[in-house]
Amino acid sequence: MNCKRCHHISDAHIPSQESTSLVKFGKCLVKTCFCKQFVEPIEAIDDELI
Ligand SMILES: [Zn+2]
Ligand SMILES: [Zn+2]
């Protein structure tokens, strides 16, 4: 599963134990990446075409 925002894999993001159920990972660890929160690409599935 890749981040919708930066397209890096979930393993590249810091695991988050915060209460927000939708957010499982924190910021991205890739040096050249400024992504601050993992965004699950679930909502990207066909919904944008509707
Ligand atoms: Zn990233
Ligand atoms: Zn990301």
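**Reading contacts, burial and core**

Modeller: Leaving aside neighbours within four places in sequence, Phe 25 is in contact with Ser 10, His 13, Ile 14, Pro 15, Ser 16 and Phe 38. Two residues are in contact if their C-beta atoms, placed from the backbone, lie within 7 Å. This is a predicted model, in which local features need pLDDT of at least 70 and side-chain atom pairs count only at pLDDT 80 or more, while totals for chains, interfaces and linings use all residues. Residues are numbered from 1 along each chain as its sequence is written, and chains are lettered from A and ligands numbered from 1 in the order in which they are written.

Colleague: Where in the secondary structure is the place of Phe 25?

Modeller: Helices (H or I, at least four residues) and strands (E, at least two) are DSSP runs, numbered from the N terminus. The protein has zero helices and two strands, and Phe 25 belongs to strand 2.

Colleague: Is Phe 25 buried or exposed?

Modeller: A residue is buried if 20 or more other C-beta atoms lie within 10 Å of its own, exposed if 12 or fewer, and partly exposed in between; these C-beta atoms are placed from the backbone. Phe 25 is buried because 20 other C-beta atoms lie within 10 Å. Of the 50 residues in the protein, 14% are buried.

Colleague: Which residues make up the largest nonpolar core?

Modeller: A nonpolar core is a set of buried Ala, Val, Leu, Ile, Met, Phe, Trp, Tyr and Cys residues joined through C-beta atoms within 7 Å. Here the largest one has six residues: Cys 3, Cys 6, Phe 25, Cys 28, Cys 35 and Phe 38. Beyond four places in sequence, Cys 28 has contacts that include Cys 3, Cys 6 and Cys 35.

Colleague: What does Val 39 touch, not counting residues up to four places away in sequence?

Modeller: Val 39 touches Cys 3, Lys 4 and Arg 5. Val 39 lies in the segment after strand 2 (25-28), and its C-alpha atom is 6.0 Å from that of Arg 5, 34 residues apart along the chain. Val 39 counts as partly exposed because it has 18 C-beta neighbours inside 10 Å. Across the protein, residues 24 or more positions apart account for 31% of the contacts with a separation of 6 or more.

Colleague: What is the phi value of His 7?

Modeller: Phi of His 7 is near 70°, a positive value in a residue other than glycine. His 7 is in the segment before strand 1 (13-15).
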